[in-house]
Every structure is written in structure tokens, then in C-alpha cells.
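Here are some notes for a colleague who is opening this structure for the first time. Please keep the sequence and the 3D view at hand while reading.

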Amino acid sequence: MDDKYLTVTALTRYLKYKFDSDSNLRKVFLRGEISNFKSHTTGHLYFSIKDENSKINAIMFRTHASKLNFIPNEGMKVLVTGAISVYEATGNYQIYVEDLIEDGIGNLYVAFEKLKKKLEIEGLFDPKYKKEIPKIPEKIGIITASTGAAVRDIISTIRRRFPICQTYLFPCLVQGDSAAADIVKKIKQASTYDLDVLIVGRGGGAFEDLNCFNDEEVARTIFASKIPVISAVGHEIDYTIADFVSDLRAPTPTGAAELAVPNLVDLKHILTQYQIRLNETIMKKIKMQKLYLESFKSSFVIKNPMLLFENKKQKLDITYEKLVHIMQKHMVEKRLMLKELQNHYILKNPKQLYEPYQNKLKINIEKLELLNPLGVLKRGYSLTYHNDTLLHSVKKVQKGDSIKVKLQDGTIYTKIEEIIGG
């Protein structure tokens with residue numbers, strides 16, 4: 001009889017199993033209002049989602065909560081994505097939230113992510129295109145609403161930190177359907193001024209209020225700006241497309257002013273340190289030069305300049321004497337060589353030089369005469385040519401060919417009538 005009774009734990013585990021195994025409950029999308037919100041020190045978020053008639057407990061673990069770009073608060077209407085399961089300790093079912101979006105801006109957030117991915121692929125966020133912010137700017141442009149805390153914070157911070165810097169306000173819309181076009185217009189207008197830095201932004205607000213800074217044309221205009229741009233949109237947790245495409249992102253408008261200009265007090269301190277170091281360097285240099293001058297003044301050369309001259313003069317005399325000695329020695333050697341040449345037997349009897357060669361020349365001329373073909377002709381022989389080529393065989397000609405016969409005293413041109421032999 002007792003076997004049919006379950007423990008509470010067993011029933012709860014069975015119900016949890018049924019919840020966890022139901023595919024329809026693994027991915028649930030809810031719309032509702034946050035109530036009983038609590039942010040735990042661990043980073044987990046505990047709250048309820050309710051509508052007019054019902055309520056469900058919810059928990060968002062730190063892993064997912066850290067990715068939120070806004071701070072949930074009591075009464076906020078939200079879109080929730082998560083899984084339904086049972087918490088065994090209490091037996092209550094609840095939703096484990098994976099994503100949380102402010103209701104009414106779901107489509108805006110999707111468009112934001114789509115444009116962000118597109119521009120990132122195109123390289124508009126690439127650090128290599130980021131322009132450097134000048135360390136000491138002279139003129140700063142400010143594009144924001146002409147009223148509100150943002151413009152007051154920026155201008156007051158610049159005047160407090162670096163009052164010698166000039167500021168130029170380009171008032172524009174920062175919320176609504178016409179805001180994006182107005183921001184683009186004011187950025188282009190600012191580009192006609194000789195500015196060192198441009199601050200573009202506004203104060204905090206809901207995601208949809210900041211949406212004009214997620215406009216594609218605003219992003220491309222910021223990217224194309226020749227003036228370095230600091231974005232200052234919303235609070236530290238707020239991120240817009242303008243933040244990613246700007247040359248530098250500031251967490252707040254006040255932060256943008258602090259990044260744009262140095263602190264005059266700090267600059268004065270740095271200049272004072274530079275002045276001290278420069279004075280120390282100059283004094284050290286003067287001291288070293290004085291020591292060098294004293295050393296130079298006490299040197300042997302300065303005290304006895306004529307001695308240096310006399311030493312050089314003596315060295316010159318020695319060098320001169322060596323040069324004269326070398327020249328005289330060289331002249332003697334050349335005279336001896338000339339005398340030897342004058343007494344040489346060839347100069348006394350030059351015939352002895354060419355007579356042996358004269359006999360050799362006569363013998364060589366006689367040998368050449370024997371080989372001279374003209375000499376053969378003198379002995380009654382002749383030379384026969386066919387087409388200006390000397391004939392050595394009857395096989396090289398045919399009957400009827402014209403030939404040339406060269407004799408000692410002339411040339412005969414004839415034709416072959418008959419060939420014998422060959």
C-alpha cells in the first residue's frame with residue numbers, strides 16, 4: 001500500500017524531467033514587465049515577468065547578464081528569451097533567461113546588429129583607420145543639442161581643464177526621425193572649419209532615443225571626416241555604431257571633454273619639470289665648458305705658442321733636407337745610367353745591332369720567292385680559274401663552262417670543248 005505514495009522530491013524531479021524534456025519549453029519567447037528586480041553581488045539577476053493576469057519568476061545568470069547593453073529596472077517592459085524548468089528546492093517553475101531586450105526596440109536592436117556586422121566587414125571599425133587625437137588642441141567642435149546636460153558638461157569640462165582652447169558648438173537634433181540627417185549635416189559643416197577635434201554625442205537615454213547614432217549615413221560621415229572624431233553618446237554602458245566608427249570612444253560627454261584636452265594644471269607641472277631639467281642641463285653644459293676652457297688655457301701650447309711654431313719649423317727643415325738629399329741621389333743615379341748608355345757598344349757601332357737581322361731577312365725573301373705563284377708563271381706555268389676559284393681537278397668543270405687562264409703576261413678567257421681524263 002505504501003508504494004503508491006511519492007516523496008515531494010521524487011514528484012518535483014519528475015515534473016522537472018517533464019519540463020526539461022519538452023522541446024517547446026527549451027526556447028520560450030515572452031513579453032512582459034519586470035517586477036521584484038534584484039541584482040545580486042554575484043552578477044546574477046533575479047526578477048519576475050508579469051502581465052495583467054499572470055507572473056513567472058525569472059533568473060538571468062551572470063554569463064548572460066554581462067552581455068546586456070542596458071540596466072534592467074522595475075516596471076521596464078521587456079522581450080525575454082529563455083528556457084522553462086523547475087527549481088527543485090521550491091518546486092516552482094521559472095524561466096532561465098538567456099537574452100533580454102527592451103520591448104519596442106527589438107527590431108531596432110536587430111537592425112543595429114545587422115548594420116554593425118556590415119560595417120565591421122567593410123573595415124570601418126579597423127584600428128588602422130583611427131586618426132590620432134591631438135595632445136594639445138587649439139579648436140574643438142561640439143555636435144550635440146544646444147540645451148541639456150551634455151553640452152554643459154562638455155564645455156564646462158574643457159574650460160576648467162584647458163581654458164585657452166576655443167570651442168565651436170554646432171547645435172543639432174539628437175533624437176527623433178530627423179536627427180540622423182541633422183547630425184550628418186552638422187559634421188559636414190564642421191569639416192569646413194579649421195578644427196583639431198570634433199566631439200559628437202548626447203546624454204543618456206533609452207536605446208530608441210540613441211538610435212540616430214546607429215544610422216548608416218551618420219557612421220559613414222564620421223568615418224570620412226578629416227577631423228578626428230570622439231564619440232560621446234549616452235552612459236558608459238551605452239554603445240552605438242558611432243562609437244565603433246569614431247576615432248575614439250568616450251564613456252560619457254564629460255569623458256569626451258577629458259579625452260579631448262589636457263589638464264592645464266598637469267601641463268604647467270610638466271612644463272615646470274621641463275624647465276628645471278633644461279636649466280640643470282644648461283648649467284651642467286656651462287660647467288663642463290668652463291672646465292674645458294680652463295684646461296685649454298693652462299695647456300702647454302697656449303702658454304708657449306712659439307715653441308710649437310719652432311718645433312714645426314724644425315720638422316720642416318728636416319723634411320726639406322731629406323727631400324734635397326733624395327733628389328740629389330736620384331740625379332746621380334740617372335747620370336750614371338745615361339753615361340752607361342752613351343758607352344754602350346750598340347751606340348758606338350749600331351750596325352752590329354741590325355746586320356744579323358739583315359741576313360735573316362734576305363733568306364726569308366728568297367724562301368718567299370720560291371713560294372710566290374707568280375714565280376711559277378715565269379717558268380711557263382699557268383693558273384686556271386672557274387668562277388674565280390682556282391681549279392685543282394677536271395671534275396669541277398663541265399663541257400661548255402667558261403674558264404680563265406692566267407699566264408705571266410696576261411689572262412686568257414675561253415670555253416671548254418672537251419674534257420679528257422677525270
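1. Start at Leu198. Its contacts (heavy atoms within 4.5 Å) include Gly141, Ile142, Ile143, Ile187 and Ala190. Leu198 also touches Ile227, Pro228, Val229 and Ile230. Residues up to four places away in sequence are not counted here.

2. A word on the source. This is a predicted model, in which local features need pLDDT of at least 70 and side-chain atom pairs count only at pLDDT 80 or more, while totals for chains, interfaces and linings use all residues. Residues are numbered from 1 along each chain as its sequence is written, and side-chain values use heavy atoms, with hydrogens and water left out.

3. Next, the largest nonpolar core. Such a core is a set of buried Ala, Val, Leu, Ile, Met, Phe, Trp, Tyr and Cys residues joined through side-chain atoms within 4.5 Å. Buried means under 20% relative accessible area, exposed means over 50%, and partly exposed lies in between (1.4 Å probe, protein chains only). The largest core has 32 residues, and Leu198 is among those that touch the most other members, together with Ile143, Ile183, Val200 and Phe213. At least two residues each come from α3 (106–122), α5 (179–190), β8 (197–202), α6 (216–224), β9 (229–233) and α7 (241–245). Helix α5 gives the most, with six residues. Helices (H or I, at least four residues) and strands (E, at least two) are DSSP runs, numbered from the N terminus. In soluble globular proteins, nonpolar side chains tend to be buried together.

4. There is a second, separate core. It holds 19 residues, including Ile154, Phe162, Ala250 and Ala257. Ala257 is also one of the buried residues of helix α8 (residues 253–260), along with Pro253, Gly255, Ala256 and Ala260. What do the buried residues of α8 pack against? They pack against β6 (139–144), α4 (149–161), β8 and β9.

5. Look at Val78 in strand β4. Val78 is buried, with a relative accessible area of 0%. Beyond residues up to four places away in sequence, Val78 touches Leu30, Arg31, Gly32, Ile34, Ile49, Leu100, Ile101, Glu102 and Asp103.

6. Now the salt bridges. The rule asks for a side-chain nitrogen of Lys or Arg within 4 Å of a carboxyl oxygen of Asp or Glu. The count comes to 13. One of them joins Glu88 and Arg13 at 3.2 Å, N to O. This pair links distant parts of the chain, 75 residues apart: Glu88 is in the loop between β4 (77–87) and β5 (92–102), and Arg13 is in helix α1 (residues 8–21). Glu88 is partly exposed at 37%, whereas Arg13 is exposed at 52%.

7. Another salt bridge joins Glu98 and Lys27, also at 3.2 Å, N to O. Glu98 sits in strand β5 and Lys27 in the loop between α1 and β1 (28–39), 71 residues apart. Glu98 is partly exposed at 32%, and Lys27 is partly exposed at 45%. Elsewhere, salt bridges that share partners join Lys118, Glu122, Glu216 and Arg220 into one network.

8. Then Arg26 and Asp20. Their side chains meet in a salt bridge at 3.6 Å, N to O. Arg26 is partly exposed at 37%, and Asp20 is partly exposed at 31%.

9. How big is the largest pocket in volume? Its volume is about 200 Å³. On a 1 Å grid over the protein atoms alone, a pocket is an open set of points where a 1.4 Å probe fits, with protein on both sides within 12 Å along at least five of seven lines; lining residues have an atom within 4 Å of a point. Grid points are joined across faces, edges and corners, and the volume is the space filled by probe spheres set on the points. The lining includes Tyr46, Phe47, Phe61, Tyr87 and Tyr96. Two or more lining residues come from each of β2 (45–50), β3 (55–60) and β5.

10. Last, the backbone. Most residues other than glycine have a negative phi. Asn36, in strand β1, has a positive phi of about 55 degrees. Asp388 has a positive phi near 65 degrees. Asp388 is in the loop between β11 (383–386) and β12 (389–390) and is exposed, at 65% relative accessible area.
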